[in-house]
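Have the model open in your viewer and a selection tool ready. We will go from a sheet to its helices, and then to a single side chain.

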Amino acid sequence: MSTPTSPIPVAVLGATGTVGRRIVERMVRHPWFDLVEVAASERSTGRALGEAWHDPDALPTEVRTLPLRAPAGPFTAPLILSALPRAAAATIEPALVAEGRLVVSNASAGRMDPATPLVIPEVNPDHLELLGPAGTPVAGVVTNPNCAVIPMTMALAPLHEAFGVQAVVATTFQAVSGAGLPGPGSITMIDNLHPWIPGEEEKIAVEPNKLLGTVGEGRIQPAEMVIGVTSTRVPVLHGHLVDLSIRLRDTPSLDAVRARIRSWPGRAAELALPSLPPQPLRLADRPDRPQPRLDRDDAGGMGVTVGRIRECPVNGVRMAVMAHNLERGAAGAAVANAELVVRTGRVPHAGGQG
Ligand code: NAP
């Protein structure tokens, strides 16, 4: 296990966006990283980061005055956190890898690429093997999953390990901040619900099987859960709630399911990553939880709350899971993956050569 002896220089792409801003905020107070470069679109190039910030005084002067670079750089940081839109990520991230950078990306562009690790540290840290062995600096892309997939898969992981998950029907209730800027207009969201989020159901149906798959010989053998999804957008600011109806191979009691959720240590406990809470899942102790407004800020936004565990007359087990989409589902997820690549000794040397 590797712990940095001096701060690692990082760059943030999409630093003025909904997710990028939260990555910047996490970087500013992070014990391992030194934010040295920021970038946004061509529209913003040349402005100081503080000029594009909602509350510039909240940023330290040296960060406030960082110039916004062009999206493709040049950058000196060996480690780059990307909150780019999908299309921009698809061209810019591979170019940065070709220069020798390690890119930790929020974008969906590379998630299902067979050579690209899709990682939640508590679920599948071993999938980083796709990049090469631990302790070897490397250029490449590491992605985090879709913001609804993260809480959903974290609730399924302990059940899959213990009882085998065969099929899942997932219905999401996703916050408006999940749409990025400018987001859906208030006139379409107030007193309303959108029963379809373009492109979302396709991601939620496939990413959990990659995450819960096994790695070997340079490839992932995906899990074989059958997943049906309905994604909805609801008038909540932050926090995605997912209702899960689950069919298991075994027939554990509901108490056994609760105990498994409550006691699951995850697979990152011994890594002691600074952004992760000590316990990956929190079992709600009241029947009317989780609720986005009450539970999303648990553990600095990194908490994942499970509740409403009950019998499902169709599939066997039913539950709800909720997490902050911009923190656990995006910015915090990327920062945790950045911590994981540091801990496992994979960050290229400064200057970017792997
Ligand atoms: P956003 O609020 O629209 O922000 C986009 C950022 O990218 C801004 O900094 C913008 O800069 C920059 N940008 C826009 N077009 C660009 C281009 N052609 N080239 C380079 N930079 C460009 O989006 P977001 O919600 O933060 O999402 C960012 C990424 O994270 C997306 O891939 C999204 O799918 C993913 N994600 C989002 C969430 C969420 O809950 N929102 C969760 C998980 C993953 P300007 O300010 O100059 O326009």
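Two strands are said to pair if DSSP finds at least two bridges between them. Keep in mind that this is a predicted model.

Start by selecting residues 304-312 and 316-323, which are strands β13 and β14. They pair in the antiparallel sense, over seven bridges. For one of these bridges, click on Arg-310: its partner in β14 is Arg-318.

Now widen the view to the whole sheet. It is open and has six strands in the order β10-β7-β11-β14-β13-β12, with mixed pairing. On average, neighbouring strands are turned by 25° against each other, direction ignored.

Next, show helix α4, residues 149-163. This helix packs on the sheet and touches β7, β10, β11, β12, β13 and β14, with its direction at about 20° to that of β11.

For the last stop, go to helix α9 (residues 327-343) and pick Arg-328. Is Arg-328 buried or exposed? Its relative accessibility is 2%, so Arg-328 counts as buried, the cut-off being under 20%.

Show its side chain to find the polar partners. The side chain of Glu-122 makes a polar contact with that of Arg-328 at 2.7 Å. A polar atom of the Arg-328 side chain also lies 2.9 Å from the backbone oxygen of Met-302. Other residues that Arg-328 touches include Ile-120, Ile-150, Met-154, Leu-276 and Ala-333.

Definitions and conventions
Residues are numbered from 1 along each chain as its sequence is written. This is a predicted model: local features need pLDDT of at least 70, side-chain atom pairs count only at pLDDT 80 or more; totals for chains, interfaces and linings use all residues. Side-chain values use heavy atoms; hydrogens and water are left out. Helices (H or I, at least four residues) and strands (E, at least two) are DSSP runs, numbered from the N terminus. Axes are lines fitted to C-alpha atoms, for helices over the stretch in contact, and angles run from 0 to 180 degrees between N-to-C directions. Contact means heavy atoms within 4.5 Å. Buried means under 20% relative accessible area, exposed over 50%, partly exposed in between (1.4 Å probe, protein chains only). A polar contact is a pair of N or O atoms within 3.5 Å; within protein, one must be able to donate a hydrogen and the other to accept it, and residues adjacent in sequence count only if both atoms are side-chain atoms. Lists of a residue's contacts leave out its neighbours within four places in sequence.
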